[in-house]
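Morning, everyone. I'd like to walk you through the salt bridges in this one, so let me put it up on the screen.

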Amino acid sequence: MAQNPLEESEPNPLGELDEWEEFLLERYPAPGEKASFRDYGTTARPSVREFYRLNHRFQTVDFVKEKKRQYLAKSQRVMGIWEAMEFLNTLVDDSDPDTELTQIEHLMQAAQAIRADGQPRWFILTGLIHDLGKILCLFGEPQWAVVGDTFPVGCRYSDQVVFPEFFRENTDSAIAGYQTDCGIYEPGGGLDHIHMSWGHDEYLYHVVKDHLPEEGLAMIRYHSFYAAHREGAYNHLMNDADRRGMEWVRAFNPYDLYSKAHEAPDVEALRPYYEDLIAEFFPAEINW
Ligand SMILES: [Fe+2]
């Protein structure tokens, strides 16, 4: 990617959004696969490092509050779930179209893997929709405000968050009230009361929260919160309901990470099944 040395940085350093998920697979290889380098700090691609540098620098308390003001009114669009899937599909990266799957194919792969395991229908639907929040990119948000590991803002950053050294560039690091263990929150007060870094997880949670059971909502809201569901950090902010929710997030995570290697699903053949499933839980249109 061409970089103008006079500019401070390229706002979207990833060649494609999926580059972040490829990096997750390097950090968390499938069980039975060879352990990859644990020292991701030196092996990560420069584009991925730069992406996290921007993410950790700019995800401040004020930024998150501003994005919530902007998006939680859900006044961007009115559309159905399938329409949102087709809208997300217009997000075309500069990757090779012969080797890369479309966004709908990615979503169906996760859903099909969940379905093949005989999981409940709400779980299959959760897999189908869990990444629809990535349409934030189509609303003009930079990559670092759409994807990436999520983490609480307004309290001390855990060293279990990927690339913790980049938090030094975040202006919240200099605010003493944000750098105690619980920061602006109560111990054990529950994740629902904390501000997570802004991205596709939190946005989609607010869009669909009236339509799915709480287990599915936990999967959607915290699937990128790797410091918690993979590393066990931030337990001191959680209540018992959050700890139960994390079990569901952990149940979902293998489908998110490890369903992508298989062949592309036949989207048109599967569409009637998924349209029925969507109609079981969602009205024809919802606010985005
Ligand atoms: Fe995701």
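Start with Glu-141, which makes a salt bridge to Lys-67, with the closest N and O atoms 2.9 Å apart. By salt bridge I mean a side-chain nitrogen of Lys or Arg within 4 Å of a carboxyl oxygen of Asp or Glu. This pair ties distant parts of the chain together: Glu-141 sits in the loop between α7 and β2, Lys-67 in helix α4, 74 residues apart. Both Glu-141 and Lys-67 are buried; buried is under 20% relative accessible area, exposed over 50%, partly exposed in between, with a 1.4 Å probe and protein chains only.

Quick caveat: this is a predicted model, where local features need pLDDT of at least 70, side-chain atom pairs count only at pLDDT 80 or more, and totals for chains, interfaces and linings use all residues. Residues are numbered from 1 along each chain as its sequence is written, and side-chain values use heavy atoms, leaving out hydrogens and water.

Helices here are DSSP runs (H or I, at least four residues), as are strands (E, at least two), numbered from the N terminus. Staying in α4, residues 61-71, we have Glu-66 and Arg-69, three residues apart, about one turn. Their side chains meet in a salt bridge at 3.2 Å, N to O. Glu-66 is partly exposed at 38%, and Arg-69 is exposed at 59%.

Now α3, residues 46-58: Glu-50 and Arg-53 are also three residues apart, and they pair at 2.9 Å. Glu-50 is buried at 17%, and Arg-53 at 15%.
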